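This briefing concerns the architecture of a two-part structure. Please consult the sequence and the coordinates shown below alongside the text.

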Amino acid sequence: MNAIEVKNLKKSFGSFQAVKGVDIIAQQGEILSLLGPNGAGKSTTISMLSGLIAPSDGDAFIMGYSVTDQPKSAKEKLGVVPQDIALYPDLSARENLLFWGKMYDLRGSDLKQRVDEVLEMIGLTERQKDRVGKFSGGMKRRVNIAAALMHKPDVVIMDEPTVGIDPQSRRHILDNVKELNRQGMTVLYTTHYMEEAAELSDHIAIMDQGKIIAFGTHDELIKMVGEQTRIDLTFNAEVEAIIPAWKEIEGVSGIDASDGKVTALVDDSNQALPRLLEVAAQGGVRILSVDIKEPNLESVFLHLTGRALRD
Amino acid sequence: MKILDLVLKDLRQMLYDKNSALFLVAMPIVFTFFMGYAYRSGESSAADPRIPLAWVEEKSPAEMSNMLYTHLADMDSLVITRMELDDAQNALQRGKVDGILVIPAEFDQKVLENQNPQLTLIADTTTATGQSIYQLLRMPISQLMSSFEIGRMSVESLNDPNEFMPTVNLAWEKWASHNLDSIVRVEQAVGQQEESWYGDNPYNQASPGIIVQFAIIGLVTSGQVLMQERKTRTLQRLMTTTMRPWQIIAGHMLAMFAIVFLQTTLMIIFGQFVLNVNYLRVPLGTFLIAISLGLWVASMGLLIGTLAKSDNQVVLYAMLAMFVFSALGGTWFPLEGAGGAFASIGKLLPASWAMIGLQNILIRGLSLSSLWQPVAILLVYALGFFILAVWRFRKVEM
């Protein structure tokens, strides 16, 4: 059985179509990352899977239960880690976890034991009696995740759980995700950090403008770029005006620029780089740095959309 | 069960907020005292219907002026106070007296010499009170002067000066008995003295008024519960659990009900044992009113929470409802004294039914059966607001 199955899911807000027919499948026990820039439709898709908003069309299934026709059964199998901290700041970490455990029908000694387990897992046993409002951003994120794990769900949806936190807390969260996966949980992980998607995922779905534009393992996606190389350039001024000229250069298949930073996807860096710099000089900008990289998910996105993932 | 968990969570959050506890208990008690004092002050200033009159004698009191003073002091309609002229004028300006009767220095002498002693009344005779004083003084002064005239005639006919005062006294007594045995008996036509609308205890209005008013203030807290859940994003998280929308609204509503009910109960206990407001005359009735009042306020507050888009809007909507319900609901003053249209509009509002219920117990002395209607109406309002809140919640949040 597929843990998550999304079929032609659509959502419109008035005349704006935020999700335009998404299909995703996640096998039980895998980590599937939904990667895409801000505004790609990731959170809207997640909201429909979580039962927060109703789809305009299509359906999604959590452990075989339809989120539209069997929402209660689907929700029982699901734990949701929202993008924003969704905790009571005036209650302690323990009180928060006890409450959310009760919301998932845990009671008595089972509840207390589970609270102890998740506190141990997120490394906050010592601080369990402190008010969440006094925690750092990273600690809040960890409790935010723990609250969704209270009922040991089969599927966990994590919506950008590492946004705005320090590297140590991010590392802790990524390790937690891996541990949950080892315990057999299926994880749907949305992010716009390609490194996280690359590190965690069994499969990656790249989403842009309400559609899944690529789906596969990390290696499968990288192969889409072929033998191309990515070149990152930094200039001393805006380069928007030069982009059309760069796109005319033979062997340049994708280019994106923002704030003086340029990412180019080229067939042969030895041939393309001198031409790129020559055109830049003609455009009156000065080169500050050059970085030639192996293809990565950023390259894939650039290859598919002609834009950098950071957009 | 999960509804109860949500209730207990809300109550725990309230408990952690010290300001809430202060507002819950201390403020209503302070306001009850204040309102009770205001009602009592108003009552005491209107208690004595007699007209205050200053008595000024330009010389030490003499026998004949004393006769007039004694007679006027015995009248039911006047309160006479001896004063110096300056003090009397000052008192008149400050409204402490409504008139000044000045007795001239040579009053006795002029009476004996059959001259006009010329009493002076200082009063605003353009007012009803000024006219009343003039009319009240005219007859006894005329009677006294005629007694003096009779005394003088007796002295002249008997040619004995010692006959003056005995004759005057005799005539004066006759006037007095004549007044008592008047052929035409005059009854006071001001009607039966109206009893205070709150009975013998001003807190009979102040205490239930403050109870209902502070219950209505609970609209703010009730509305903000939902707003807080939205702001902390916990509402969205709740929606990802198996809690259904009506359960979320019911949980928050019952928590707010518990708060309002607790506040009301504390106020009832305080009113009963400190202010002698007899809520326990119909204990079951008082309990039912407290229950239905709490349910109405909690459900309406939740509806406000679903309608508002920000904290400011919650406060705005709640304040609007508070002023309308408090003013038109009879918490500040009784609807009976407010006039037809005002009272009719007021009776469309749930607050007025809470007040009617409590006043049936405290002021009208009615039994439990008189409370079924107010309780039923409040519960219908509570159910209506709850249904609207759930409908609105589903529409907005899903």
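The model is predicted: local features need pLDDT of at least 70, side-chain atom pairs count only at pLDDT 80 or more, and totals for chains, interfaces and linings use all residues. Residues are numbered from 1 along each chain as its sequence is written, while chains are lettered from A and ligands numbered from 1 in the order in which they are written. Chain A has 11 helices and 14 strands, where helices (H or I, at least four residues) and strands (E, at least two) are DSSP runs numbered from the N terminus.

- Of the 311 residues of chain A, 48% count as buried; a residue is buried if 20 or more other C-beta atoms lie within 10 Å of its own, exposed if 12 or fewer, and partly exposed in between, with C-beta atoms placed from the backbone.
- Among contacts in chain A with a separation of 6 or more, 69% involve residues 24 or more positions apart; two residues are in contact if their C-beta atoms, placed from the backbone, lie within 7 Å.

**The four-stranded sheet of chain A**

- A second open sheet in chain A, of 4 strands in the order 2-1-4-5, has antiparallel pairing.
- Its edge strands are strand 2 (16–27) and strand 5 (65–66) of chain A, each of which pairs on one side only.
- Strand 1 (residues 2–13) and strand 4 (residues 57–62) of chain A pair in the antiparallel sense over 5 bridges, and A:K7 stands opposite A:D59 in strand 4.

**Strand 11 of chain A and its partners**

- Strand 11 (residues 229–235) of chain A is largely enclosed by the rest of the structure, because 5 of its 7 residues are buried.
- Strand 11 of chain A runs antiparallel to strand 13 (residues 261–266) of chain A, with 6 bridges between them; A:I231 stands opposite A:A264 in strand 13.
- Strand 11 of chain A is also joined by 6 bridges to strand 14 (residues 287–293) of chain A, again antiparallel, and the bridge partner of A:F235 in strand 14 is A:I287.

**Helix packing**

- Helix 5 (residues 137–149) and helix 6 of chain A pack at an angle of about 15°, with their axes 9 Å apart.
- Helix 5 of chain A is therefore roughly parallel to helix 6 of chain A; angles under 35 degrees count as roughly parallel, over 145 as roughly antiparallel, 65 to 115 as roughly perpendicular and the rest as oblique.
- Helix 5 of chain A passes helix 6 of chain A in a right-handed crossing; a crossing is right-handed if the near helix is turned clockwise from the far one by less than a right angle, and left-handed if anticlockwise.
- Residues of helix 5 of chain A in this contact include A:R141 and A:I145, and those of helix 6 of chain A include A:H172 and A:I173.
- The residues of this contact divide into 4 nonpolar, 5 polar and 2 charged; Ala, Val, Leu, Ile, Met, Phe, Trp, Tyr, Cys and Pro count as nonpolar, Asp, Glu, Lys and Arg as charged, and the others, Gly among them, as polar.
- In chain B, helix 8 (residues 203–231) and helix 14 (residues 350–362) pack at an angle of about 150°, with axes 10 Å apart, and are therefore roughly antiparallel.
- The contact of helix 8 with helix 14 of chain B comprises 8 nonpolar, 2 polar and no charged residues.

**Contact between chains A and B**

- The contact takes 22 residues from chain A and 18 residues from chain B.
- On the side of chain B that touches chain A, helix 1 (2–15) and helix 9 (234–240) of chain B are the elements that give two or more residues, and helix 9 of chain B supplies the largest share, 6 residues.
- By class, that side of chain B has 5 nonpolar, 7 polar and 6 charged residues.

How values were computed
Axes are lines fitted to C-alpha atoms, for helices over the stretch in contact, and angles run from 0 to 180 degrees between N-to-C directions. Two strands pair if DSSP finds at least two bridges between them.
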